[in-house]
Amino acid sequence: MAEILIVDDDSQLRQSFEKLLKQEGHLVRIASSGEAGVAAVNESVPDLVIMDMRMSGITGLEAFRLMRETAPRMSVIIMTAYGTTETAIEATKMGAYDYILKPFDIPEMLTLIHQALETSRKCREYTAKREQVSPAGNQMLGSSRVMQKVYKSIGRVAATDALVLIRGESGTGKELVAQAVYKHSMRKEKPLLVINCVAIPDTLLESELFGYEKGAFTGADRSRAGRIEQAAGGTVFLDEIGDMPLNIQAKILRLLQEKQLERLGGGNSIPIDVRILAATNRDLEKAVADGEFREDLYYRLNVVTINLPRLSEREDDVFELADHFLDCRSAEMEMHNPGISEDGKEFLATHDWPGNVRELSNAIQKALIFNRGAPITRNELTQVIGLSSDRHAPSDVSEDAFKAEIRQVLTKHAGENGFEMLMDYAGRLVVSEALEITGGNRTRAAKLLGMTRPTLNARIDKYGLRTEVKVN
């Protein structure tokens, strides 16, 4: 059940909304003016505000601005019967979750409300998790000399509005540096949007970043602001920018140079005020030489650069990081913290950690899952690193035997969707083994597999494993 505040001077609409949302199981509060809505938020911040644009007294946008001072990350849906391009842009610039025109379709509105509440829930969980992991809010750990240099760089650049390029291998903590810069910047009360450029298909990246106008492509039944517009006044972190397609690089360059963007299918330039942070693990100089990255964008980005060291260059930090991950993971999984044995510490100090801090974190978590209560040993760490590394997994399996099995299935079931059959076969084995290792404990099995418990339950149902495992 979520708490939703309806702000509208139309009493009939308020009553209709109240009845509808209560039927959906939500707790509903109502306010008949912008002033009353602001007072309601000051009294108690709801999960979502649905507010009319035009009301007697202050407007919806003015009320929204005042509400943001109390609850800067609260989700707000703006609605109006008098939609204009300017008001739509202004609402999204201010950080509204969405902007919808009256009259609206009820199922569509309920879907939008569900999406806004889900976003609000994830935001709260993310914030709570961050605060739990590090009460001080400083998630970067390590007192080695190389990390002290990184901290000093963050301190010097954070208070400026300069573009920052963060470079380092995968797993070194580039996003943590971006978060630290944001946290200590003048824009810390405004949104921070993290966009992984390789996690979004190339065909969708442009519309996700820059938004689109109605009719820009099939299915674009209304205009929508992109993520950069949604971060107006705040900060955008472009992770893996080195892998961004060349056509998108050109639009990013224009954004950096002119502080304007153009929606997909739109002809108007929209002024935008955001700070850009970017990160990459690629050799950008080589990418420029190979024609895979724009030279002008490279020079534009390469103004302030923070280089993150490999974990193997931070020997003094390994134990501190391991203890931190052990504390955090044992608390998250409500497990006893067994500590690390002397031979385990010796292994931590001598391992090369090619996956950097992320590999260390994963190794500690998996060792904790397998552990029976005694201090984690060298043998346990060696085993879980072998399990966690794709580089070592094939060594435990006969590749020829596996290929032979694939050939047999494909030959026997030619034309019968062999790929899906094999994927299901492999997935069933993986899930079954995870349940076997964890004694049927689904929570621990889900953590071992790196998926949510609902996802694991869905896989168990799909593979018909429910009657074959013993659940605690």
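I take contact to mean heavy atoms within 4.5 Å. The model I have open is a predicted one.

**Entry 1: helix α6 on its sheet**

I began with helix α6, residues 145–158. I find α6 lying across β6 (164–167), β11 (275–280) and β12. Its direction makes about 155° with that of β12.

Next I traced the sheet. I read five strands in the order β7-β8-β11-β6-β12. The sheet is open, and its pairing is parallel. Which strands stand at the edges? They are β7 (192–196) and β12 (304–307). Each has a single partner strand, so one side of each is left without a neighbour in the sheet. From one strand to the next I get an average twist of 20°.

I then looked at β7 and its partner. Strand β8 covers residues 235–239 and runs parallel to β7, with 5 bridges joining the two. I note I195 opposite L238 of β8.

**Entry 2: α6 against α7**

I stayed with α6 and turned to helix α7, residues 174–183. The two helices pack at an angle of about 40°. Their axes are 9 Å apart. I log the crossing of α6 and α7 as right-handed.

Which residues meet here? From α6 I list V150, I154, V157 and A158. From α7 I list V177, A180 and V181. By class, I count 7 nonpolar residues in this contact, no polar and no charged ones.

**Entry 3: the sheet with β1**

I moved to the other strand order on my list. This sheet is open too, with 5 strands ordered β2-β1-β3-β4-β5 and parallel pairing. Its edge strands are β2 and β5 (98–101), and each pairs on one side only. The twist averages 20° from one strand to the next.

I checked two pairings inside it. β1 and strand β2 (residues 27–31) run parallel and share 5 bridges. There I see E3 opposite L27 of β2. Strand β3 (residues 48–52) and strand β4 (residues 75–80) are also parallel, over 5 bridges. L48 has S75 of β4 as its bridge partner.

Then I looked for helices on this sheet. Helix α1 (residues 11–23) packs on it and touches β1, β2, β3 and β4. I get about 170° between the directions of α1 and β2. Helix α2 (residues 34–43) lies across β1, β2 and β3. It runs at about 160° to β1.

**Entry 4: cover on β1**

Is strand β1, residues 3–7, mostly covered or mostly open? It is mostly covered, with 5 of its 5 residues buried.

**Entry 5: E380**

Last, I looked up one glutamate. E380 sits in helix α16, residues 378–388. Buried or exposed? I find 17% relative accessibility for E380. The cut-off for buried is under 20%, so E380 counts as buried. I then asked what E380 touches. Leaving out residues up to four places away in sequence, I find N371 and P375.

Technical notes:
Residues are numbered from 1 along each chain as its sequence is written. This is a predicted model: local features need pLDDT of at least 70, side-chain atom pairs count only at pLDDT 80 or more; totals for chains, interfaces and linings use all residues. Side-chain values use heavy atoms; hydrogens and water are left out. Two strands pair if DSSP finds at least two bridges between them. Helices (H or I, at least four residues) and strands (E, at least two) are DSSP runs, numbered from the N terminus. Axes are lines fitted to C-alpha atoms, for helices over the stretch in contact, and angles run from 0 to 180 degrees between N-to-C directions. Buried means under 20% relative accessible area, exposed over 50%, partly exposed in between (1.4 Å probe, protein chains only). A crossing is left-handed if the near helix is turned anticlockwise from the far one by less than a right angle, and right-handed if clockwise. Ala, Val, Leu, Ile, Met, Phe, Trp, Tyr, Cys and Pro count as nonpolar, Asp, Glu, Lys and Arg as charged, and the others, Gly among them, as polar.
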